[in-house]
Amino acid sequence: PEAKTARFITVFNLTPSDARFLISELSLANYFERVAAKSKSSAKIVHSWIAGEFMRYVNESGIDIADITLSPESFAQLIDMVTYKTIGGNAGKTVLVELLQNGGDPAQIVKEKGLTQVSDESFIQEAVTKVLNDNPSEVEKYLAGKENLLQWFVGQVARATKGKADPNVTRELMLKALEKLRK
């Protein structure tokens with residue numbers, strides 16, 4: 001275990017506590033290594049998915065890690081889809097649960113469920129404009145200095161687009177629209 005911990009720290013650039021968590025169970029350490037080998041994302045990102053959503057599912061379902069049927073290739077593909085913004089984080093969690101429960105192809109699940117993240121500015125701008133027009137009192141409060149409402153506006157766009165709008169693009173377009181209103 002000490003050698004594997006040291007290797008996880010040096011090879012994967014993990015913190016000692018992250019490495020110790022992964023090697024706490026041999027099947028978990030082996031699964032992590034297989035997913036990390038297949039993923040284009042950093043080992044730290046792979047670790048956060050395994051330590052977070054993956055372990056939450058394992059713990060809640062009472063399943064043994066050795067009995068997980070999700071292939072490292074599919075899990076790596078899903079992680080990469082979130083990392084490279086094909087889908088958002090919440091959509092990634094939805095797809096992970098589907099994969100763990102029923103198996104399948106991550107890309108196919110994303111397509112079937114319509115979870116692809118949209119970065120198209122005209123699509124997002126339409127939602128930004130609608131949110132601002134539908135919420136004049138919040139716009140007034142924002143313009144009067146309550147700038148923490150920005151996140152609320154971004155959330156309203158996410159709701160309006162069913163989570164498809166890229167949050168970074170949404171934030172940028174929302175700021176521009178609010179600044180225009182300020183003038």
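The legends below describe close-up views of a predicted model. Local features are taken where pLDDT is at least 70 and side-chain atom pairs where it is 80 or more, while totals for chains, interfaces and linings use all residues. Residues are numbered from 1 along each chain as its sequence is written, and side-chain values use heavy atoms, with hydrogens and water left out.

**View 1. The largest nonpolar core.** This core, a set of buried Ala, Val, Leu, Ile, Met, Phe, Trp, Tyr and Cys residues joined through side-chain atoms within 4.5 Å, has 38 residues, and those with the most contacts inside it are Phe-8, Phe-32, Ile-50, Phe-54, Phe-75 and Ile-87. Buried here means under 20% relative accessible area, exposed over 50%, and partly exposed in between, with a 1.4 Å probe and protein chains only. At least two residues of the core come from each of α2 (16-23), α3 (26-38), α4 (43-61), α5 (72-83), α6 (89-102) and α7 (106-113), the largest share, 8 residues, being that of α4. Helices are DSSP runs (H or I, at least four residues), numbered from the N terminus. Apart from this core lies another, of 18 residues, among them Ala-127, Val-154, Val-169 and Leu-178.

View 2. The buried residues of α3 are Leu-28, Ala-29, Tyr-31, Phe-32, Glu-33, Val-35 and Ala-36, and what covers them includes α1 (2-11), α2, α4 and α5. Glu-33, buried with a relative accessible area of 19%, forms a salt bridge with Arg-7, their closest N and O atoms being 2.7 Å apart; a salt bridge is a side-chain nitrogen of Lys or Arg within 4 Å of a carboxyl oxygen of Asp or Glu. The pair links helix α1 to helix α3 across 26 residues, and Lys-4, Arg-7 and Glu-33 are linked in a network of salt bridges. Lys-38 of helix α3 and Glu-73 of helix α5, which are 35 residues apart, also meet in a salt bridge (3.8 Å, N to O).

**View 3. Two loop residues with positive phi.** Most residues other than glycine have a negative phi. Lys-85, in the loop between α5 and α6, has a positive phi near 65° and, at 43% relative accessibility, counts as partly exposed.

**View 4. Helix α10 and its two faces.** In α10 (residues 149-160), the buried residues are Leu-149, Leu-150, Phe-153, Val-154, Gln-156 and Val-157. Seen down the helix axis, these residues fall within an arc of 155°, so they line one face of α10; the arc is that of the directions from the helix axis to the C-beta atoms. They pack against α8 (121-134), α9 and α11 (167-182), whereas the face turned away from the buried side carries the exposed residues Gln-151 and Arg-159.

**View 5. Glu-138, a buried acidic side chain.** Glu-138 lies in helix α9 (residues 136-143) and is buried yet has no salt bridge, the nearest side chain of opposite charge being that of Lys-141, 4.7 Å away. Not counting residues up to four places away in sequence, Glu-138 touches Leu-149, Trp-152 and Phe-153, where contact means heavy atoms within 4.5 Å.

Notes: Lys, Arg positive; Asp, Glu negative; His and termini not counted. Expected span 1.5 Å × (residues − 1).
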